[in-house]
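Subject: Structure handover

Hello,

Here is the structure I promised to pass on. Please open it first, then read my notes below.

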6 protein chains.
Amino acid sequence: MICLKNTTAIYPGSFDPVTVGHLDIIRRAASLFDNLIVVVMTNAKKAPSFTVSERVDMLKKTVADIPNVKIDSYEGLLADYAKKTKADVIIRGLRAVSDFEYEFQMALTNKKLYPDTETLFLTTSAENMYLSSSIVKQIGSMGGNIRGFVPDVIHDFIIKRLYGKDE
Amino acid sequence: MICLKNTTAIYPGSFDPVTVGHLDIIRRAASLFDNLIVVVMTNAKKAPSFTVSERVDMLKKTVADIPNVKIDSYEGLLADYAKKTKADVIIRGLRAVSDFEYEFQMALTNKKLYPDTETLFLTTSAENMYLSSSIVKQIGSMGGNIRGFVPDVIHDFIIKRLYGKDE
Amino acid sequence: MICLKNTTAIYPGSFDPVTVGHLDIIRRAASLFDNLIVVVMTNAKKAPSFTVSERVDMLKKTVADIPNVKIDSYEGLLADYAKKTKADVIIRGLRAVSDFEYEFQMALTNKKLYPDTETLFLTTSAENMYLSSSIVKQIGSMGGNIRGFVPDVIHDFIIKRLYGKDE
Amino acid sequence: MICLKNTTAIYPGSFDPVTVGHLDIIRRAASLFDNLIVVVMTNAKKAPSFTVSERVDMLKKTVADIPNVKIDSYEGLLADYAKKTKADVIIRGLRAVSDFEYEFQMALTNKKLYPDTETLFLTTSAENMYLSSSIVKQIGSMGGNIRGFVPDVIHDFIIKRLYGKDE
Amino acid sequence: MICLKNTTAIYPGSFDPVTVGHLDIIRRAASLFDNLIVVVMTNAKKAPSFTVSERVDMLKKTVADIPNVKIDSYEGLLADYAKKTKADVIIRGLRAVSDFEYEFQMALTNKKLYPDTETLFLTTSAENMYLSSSIVKQIGSMGGNIRGFVPDVIHDFIIKRLYGKDE
Amino acid sequence: MICLKNTTAIYPGSFDPVTVGHLDIIRRAASLFDNLIVVVMTNAKKAPSFTVSERVDMLKKTVADIPNVKIDSYEGLLADYAKKTKADVIIRGLRAVSDFEYEFQMALTNKKLYPDTETLFLTTSAENMYLSSSIVKQIGSMGGNIRGFVPDVIHDFIIKRLYGKDE
């Protein structure tokens, strides 16, 4: 058997927190590429709800059963991280038109900064189209039910942190 | 060396005719996946400007230098073709918001019809964003200059067919 | 008990054929308004796949269990039909941005032509967002599986008409 | 006379301040549903320009002549307020595509959190399409003329609060 | 007085028929540029409802009172017409997002074909946003009222042609 | 030679900092209108990265070779500035759909506040479509390469200010 490629894909994001929509993208990307790195991008300007190490931990618990996925974090330009990891592919999920425009702009910018990495988009599954980390936080912090919106394995931790109580 | 995956991607379209925008997507997809099949989808309802065999021939000339690309044609559902070829990935290029909506709808439909194949989107390069087969035909059929819009190797053939004269 | 309103809503469309997405809108609208008329609008210019009487029949079978729904057909302007039926509300389902723009234009036009009727929009359920009559016909006519896309009670009739065979 | 339905609609928003665009939606919704509650949603994160009680007061003055409209305020999830008031319908006005995407996301989320309430959208009248509370505040705070943008009955109060002077 | 520029603008379109929305764009463009040519572009593929000479005549009647406007027609590429007339500017009206995408594509294409002419966009007035030639024809051909949608001076002619009767 | 018009155009923006995309719009607008004023709009609410005088200085260096362009700054409503300068035209560049919606809203608002000035839109060149002041700042502040994104004459100043070092 001849192996033509050995591809590395990176899936960058805030994952603040990771949702079942993210998990769906992770599973599908992991089945297509040899290696997948899910990388928590930290941005000095944005004030996240969860710390970097909390977000990395939640991701590790979430993907524990997927063999070819690693979790990482990075502070800096995505194009620099792509270069550092020799990534072939940047993976992004698309939900809606407003997503699309921003993603398009970032894909063209990253291509200009580091042409060796290609951005590939997957469509979010229909049942996750309404889902985002910020909606999860908005609902969770007001005591709403977020079961089914976040991976089961981290549900209680998120509720505790957002709403300050054990369910 | 261990080879984890051996991926097959299909890039379906009308290619009526193939443009430099298509060629850009083909080159980039061919560098990411082990095998790439560019497939001319024929649709009984649409009246194309070029016959299926003309479109296949133009594609073959256009990709002659890319080793892992094959050209095919198919009349039927894309999901059935994906099943037949055991494709891991359907490749589509995105130019604009109106593209995006239609593509999103088709990606969700194909996922429902045949869940084993994933649709992946690449962004068109900025300089090809204005380009489409129909604009090429519109300009070419009125005697306008389409150099740089279509692959050089098929330029004269397209002009002859659209405008009925040797340049 | 005082009854302040007795509202009539109309839900116009081609219904060529009716899909489970349409049926979802019908059920939800029927629960909100006193009377709901689903009206097959005929348009001399468009060549439908099913005749008006076939489309009316499919709708009748589809809504047989919903008490406050009537089926009708009309050739002419929607604003005139709204006036004729003294409709309070025109119901339209929204799937995507491209839907939205056309629907917005029609709503403003109908408001100008007949200000007494208000257009109200419902969002399509997430699982029906990819669904349209034309996709059903495209898949069905190529022998694809349309179970789950159209109401069960009319599935066999549609397959027979589109694909010319008993399943 | 038989009364099939007795519907309650809620129209949530920031109303910071209420504009003639909001008033237009209120009038049209009040004519379609038996009861309409306009509810000022308070959100701990956003810093409004007007206090909750100011916003409630402005709304009360604005709708004083419409009999079946009540004004309320709520801190929490809209889905919880819908449940508490047994609302049949959530009313939202649509102006533009960017509105539409956010509204779509919220409608699907609210449907998931509390399936008994349906979100219905009205289109903003053409002459109010450019209008928003934030544009009113931007113009008013720089001393621009906002007559015709806000209900006459609250115009002077808004100017005094935004620009700090009697007109 | 020194005259730095003497600009020629062209406003291309089908004008099948001219609407009050077109007239609004014409008046505003004529006030900004020294010379304005409104040009009926003919396209062999599209079957128009009015002949070229009818469309030119309707435009001439419509703009009779605006001194610096001329009416012309052209069969061919817009870029070639721009070159022939040494136009500085192509004028296009924008109504909505779907307009915008197509217009953007055409502007970039025309810039590539003939870089000396710049495409400038005006926004349609809010009250004309719902208006298009095809809506006028749809309403008019079914006997609906199109007063206020088309210039008064050509209203009767349009009704006669579309509906085949004197009003 | 008769001079029919003597037009003044204003090109408002934050220019925080000016990019090659802005410069492209300035050159093209300057070739179409007799006088062009590029005006730095200051907004008390937004915290800019560069002071008003820095932004004015960068613009002056950038347009030093274009004779009919002046640089100005203004705190207040754009409609008031248009009135003060008797501007015929407000120039805005359009990149994408999300731009378009906001710009459309502002154009209609400005038209209502001061009807004598017309907003005209130019399309950004394809190669600048991914470019914005905020992307320049994001890349520059993380030490990325912004050559080709900002005018050469101000590149070193921007790097020094954003990244705090001489390149």
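This is a predicted model: local features need pLDDT of at least 70, side-chain atom pairs count only at pLDDT 80 or more; totals for chains, interfaces and linings use all residues.

**The contact between C and D**

Each side brings its own set of residues to this contact. Chain C gives 36 residues, and chain D gives 36 residues. Together they bury about 2900 Å². Carbon and sulfur atoms account for 71% of that area.

What about charged and polar links? There are 2 salt bridges between chain C and chain D. One to look up is Arg28(D) with Glu118(C). Their closest N and O atoms are 2.6 Å apart. The interface of chain C and chain D also holds 3 residue pairs in polar contact, counting pairs with both residues at pLDDT 80 or more.

Which elements of chain C supply at least two residues each to the side that touches chain D? They are helix H1 (20-30), strand S4 (89-94), helix H4 (97-113) and strand S5 (118-123). H4(C) supplies the largest share of that side, with 7 residues. Sorted by class, the side of chain C that touches chain D has 20 nonpolar, 8 polar and 8 charged residues.

**The contact between D and A**

Now turn to chains D and A. Chain D can be superposed on chain A by a turn of 120°, with a shift of 0.0 Å along the axis. The RMSD is 0.0 Å. This is the relation of a three-fold axis.

Here 9 residues of chain D are in contact with 14 residues of chain A. The area buried between chain D and chain A is about 1100 Å², and 66% of it lies on carbon and sulfur atoms.

How many salt bridges cross the interface of chain D and chain A? The count is 0. By class, the side of chain D that touches chain A has 4 nonpolar, 3 polar and 2 charged residues.

**Chains that do not touch**

Two other pairs are worth a quick check. Chain B and chain D do not touch. Their nearest C-alpha atoms are 12 Å apart. Chain C and chain F have no contact either, and their closest C-alpha atoms also lie 12 Å apart.

**Inside one chain**

Take chain A for the fold. It has 6 helices and 5 strands. Along the sequence, chain A runs β-α-β-α-β-α-β-α-β-α-α. Its radius of gyration is 16 Å, close to the 15 Å that the globule rule gives for 167 residues, so chain A is as compact as a globular protein of that length. Along the principal axes, its C-alpha atoms fill a box of roughly 50 × 35 × 30 Å.

Over all chains, the salt bridges come to 52. One of them joins Arg92(A) and Glu103(A), with the closest N and O atoms 2.6 Å apart. This pair links distant parts of the chain. Arg92(A) is in strand S4 (residues 89-94), Glu103(A) is in helix H4 (residues 97-113), and the two are 11 residues apart.

**Backbone points to look at**

Where does the backbone call for a look? A cis peptide bond joins Asp16(A) and Pro17(A), with omega about 5°. Pro17(A) sits in the loop between strand S1 (8-13) and helix H1 (20-32) of chain A. In chain C, the peptide bond from Asp16(C) to Pro17(C) is cis, with omega near 5°. Pro17(C) is in the loop between strand S1 (8-13) and H1 of chain C.

Last, find Lys86(E). Its phi is near 50°, a positive value in a residue other than glycine. Lys86(E) lies in the loop between helix H3 (78-84) and strand S4 (89-94) of chain E.

Best wishes

Notes:
Residues are numbered from 1 along each chain as its sequence is written. Chains are lettered from A and ligands numbered from 1 in the order in which they are written. Side-chain values use heavy atoms; hydrogens and water are left out. Contact means heavy atoms within 4.5 Å. Buried area is the accessible area (1.4 Å probe) that two parts lose on being put together, summed over both. A salt bridge is a side-chain nitrogen of Lys or Arg within 4 Å of a carboxyl oxygen of Asp or Glu. A polar contact is a pair of N or O atoms within 3.5 Å; within protein, one must be able to donate a hydrogen and the other to accept it, and residues adjacent in sequence count only if both atoms are side-chain atoms. Helices (H or I, at least four residues) and strands (E, at least two) are DSSP runs, numbered from the N terminus. Ala, Val, Leu, Ile, Met, Phe, Trp, Tyr, Cys and Pro count as nonpolar, Asp, Glu, Lys and Arg as charged, and the others, Gly among them, as polar. The radius of gyration is taken over C-alpha atoms; the globule rule is 2.2 Å times the number of residues to the power 0.38. Copies are superposed by least squares on the C-alpha atoms of residues with pLDDT of at least 70 in both.
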